[in-house]
Amino acid sequence: MYHFVTGPLAWISFAIFFIGLIVRAVTYIRGLDWKLDRVAYTVDLSYGLRGALRSIFFWLVPFGTQGWRQNPFFTLVFFVFHLGLLVAPIFLLAHNLLLQERWGFSLPTIPDPLADVLTIAVIVALLFILLRRIALPEVRILTTAYDLLLLVIAAAPFITGFIAYHQSGDYTFWLVLHILCGEAMLIAIPFTKLSHFVLFFLTRAQIGMDFGTKRGGMKGHGMAW
């Protein structure tokens, strides 16, 4: 089972992940109405590009936007969660040993104690997000079973990986389950809201370009917006 989930099933999971995200990105870009405001966007492209870069940058910086500053505690949880979600799986020593074993390459790694801290941070952040969805009426009313399932999909690889690393119970069972949970998450990403980690850049660029062009470029051409 271990050789199957780290071999053929891993190839299938990564293929679905990468191809699915490419399709989502291409579909998003092709779905934009490029004829809309075509005069505004052709006045000076530099305004639009600067607006796109500014929009992405300030949303990637903690407290860089007014929305982040209005909810400081949630902003902190949000950034800690996403930092752990990206850094821990990509730079974990055990994952890179597997990459080297199966595919002949590896990435820089982080110390195991730091990986432990990031894993716990992700689990705690997910628990906070779950409690927030339950406790706040304005969030609870928008929460569906689909949203809860996404939280489970995101949490499962970290919980099972933590248990497997510390060898609580049957190590082989938790290791295989951890790999299966990780692959399930990879497969789910292109088809769910989890794909926002790629679509975020496209949507922020679109919004930033729109504001940058209309509020910058058109002012220089005698038009008020």
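Me: Which side chain makes a polar contact with that of Thr-143?

Reply: This is a predicted model, in which local features need pLDDT of at least 70 and side-chain atom pairs count only at pLDDT 80 or more, while totals for chains, interfaces and linings use all residues. Residues are numbered from 1 along each chain as its sequence is written, and side-chain values use heavy atoms, with hydrogens and water left out. A polar contact is a pair of N or O atoms within 3.5 Å, where within protein one must be able to donate a hydrogen and the other to accept it, and residues adjacent in sequence count only if both atoms are side-chain atoms. At 2.9 Å, the partner of Thr-143 is Arg-133.

Me: Where does Thr-143 lie?

Reply: Helices are DSSP runs (H or I, at least four residues), numbered from the N terminus. By that numbering, Thr-143 is in the loop between α9 (137-140) and α10.

Me: At which residue of α10 is there a kink?

Reply: The bend at a residue is the angle between axes fitted to the seven residues ending there and the seven starting there. In α10 a kink of about 35° comes shortly before the proline Pro-157, at Ala-155.

Me: Is Gln-167 buried or exposed?

Reply: Gln-167 follows α10 and has a positive phi, near 50°, and this residue sits in the loop between α10 (145-165) and α11 (171-188). Buried means under 20% relative accessible area, exposed over 50% and partly exposed in between (1.4 Å probe, protein chains only). Because its relative accessible area is 56%, Gln-167 is exposed.

Note on methods. Helix = DSSP H or I, 4+ residues; strand = E, 2+ residues; numbered from the N terminus.
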